[in-house]
Amino acid sequence: MDGVDAVVVGAGPNGLAAAVTLAEAGLRVSVFEAAGTVGGGARTEELTLPGFRHDPCSAVHPLGAGSPVLRSWPLDRHGLRWLHPDVALAHPFPDGTAATLSRSVTQTTASLTVDGAQYRRLVGPFLGRWDELAPDVLRPPLGAAPRHPLLLARFGIPAALPATVLTRWFRGPLARALVAGLAAHTTTPLGSPGTGGVALTFALAAHAAGWPVARGGSQSISDALAGHLRELGGQVHTGHLVTSLDELPPARAYLLDVVPRHLAELAGARLPERYRDRLRRTRLGPAVFKLDYALSGPMPWTAPACRQAGTVHLGPYDTDIGAALQAVHHGSAPDPPFLIVAQPSLCDPTRAPAGKHVLWVYAHVPNGWTGDLTPVIEAQLERFAPGFRDLVLARAVTGPAELQRRNPNYLGGDIAGGSCEGLRLLFRPTFAPVPYATPDPAVFLCSSATPPGPGVHGMCGFHAARVALHRVFGVRAPDPWRD
């Protein structure tokens, strides 16, 4: 194979974002992907019945629509269109009430009743300032000085708190549960430091950019990135499994959108044994157990707000959510589980035949768990949407082993690129000032195993590419929100 300037292994959103960043600098870039299509965790497939288009992993994209780097690229020219449900997120309770998170702060505060004013005080200092805050939040904690240090410092006060502390700012169950559900996306116990920051980031993203789905499915995000890369002259090779960097064409830089253990395998002797051992010992995060449904009609939620929501969190109370995450942390399957549910066909008619719907739902389970959580998940769905079972035309069940089979980066069913507990969300995969670099000056890690961590935002790949541009090519790295 002919040599290029840079090679990227893995065509997930981070790998593609890295490749686009390098190609924008005028470099010749080739991407190699083992699967038959680009996408990684952002794919769309007919998992149940013909005409029902499901997202095997990511489905709703607050950090995608709000990503500083994705927003800087003309992805709409390559087919990406964000669709917004009437309500971004609903968190129902057994009595039919629900807390809601909407782009409108007024609508959100109204749903929180006694805690509406307190919620506004929490998010108020940051409203209208997402474009200033996001680049400083979605970056490695060490390195260049933040662009808006005072704003970041003000954000950092509540963000450093565990969600269990942040929930105590509120008097009623609605706001407490809303915050706990947002924090639970990290799959870590709610008492872990920084989980309050996860909740606050998701809330601010909702008010700034919504919690949209991509028209046609998450595959549209990946296809748009690949289309933009090709427009810049980059090449994408799918169906090409890489087992060693020695198999790749000559290049000055190699960027890997893989988990740390796979980096150790692919790089081999190019990396010192001590460093490879640290990569192999990187702690894995919990797994997910996922169900995809083809439904004959919309979900019969008891809470009216859920019938308009793109995402639904089923806890219901913050204590229930905390107990479910603690069970997983201690190696047990939760009963009842905390569920994250997505209803993309409410606002995207391309996902299912007319009048029909798709439903996306997952629960957290211990890494490598081999049981079947289907009955427990369906009991929780039926609790909040009586008659749900009567609508099921087909289901696709995906446990941790199947997740890893579909995507080798999901070791033991971990979709987050490693544990996010404690400081591991900030300092990953190891504690290092520049987490994307390795002891080999030509090899870089650009996956969600690096800051700012999991999510379809492309920022891990962008930051890794900036480091490679500076260190290998002596090129001033682009910074679209500064320049």
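Modeller: Let me begin with the elements: helices (H or I, at least four residues) and strands (E, at least two) are DSSP runs, numbered from the N terminus. This is a predicted model, in which local features need pLDDT of at least 70 and side-chain atom pairs count only at pLDDT 80 or more, while totals for chains, interfaces and linings use all residues. Residues are numbered from 1 along each chain as its sequence is written, and side-chain values use heavy atoms, with hydrogens and water left out.

Colleague: What makes strand 14 an edge strand?

Modeller: The open sheet has five strands in the order 7-2-1-8-14, with parallel pairing, and strand 14 (443–445), like strand 7 (235–237), pairs on one side only.

Colleague: Which strands does helix 17 touch?

Modeller: Helix 17 (residues 459–473) packs on the sheet and touches strand 8 and strand 14, where contact means heavy atoms within 4.5 Å.

Colleague: Which element gives the most to the lining of the second largest pocket?

Modeller: Helix 17 does, with five residues. The lining has 22 residues, with His463 and Arg466 among those that lie nearest the pocket's centre.

Key:
Pairing = 2+ DSSP bridges. Axes fitted to C-alpha atoms, helices over the stretch in contact; angles between N-to-C directions. 1 Å grid on protein atoms, 1.4 Å probe; cavity = no way out; pocket = protein on both sides within 12 Å on 5 of 7 lines; lining within 4 Å.
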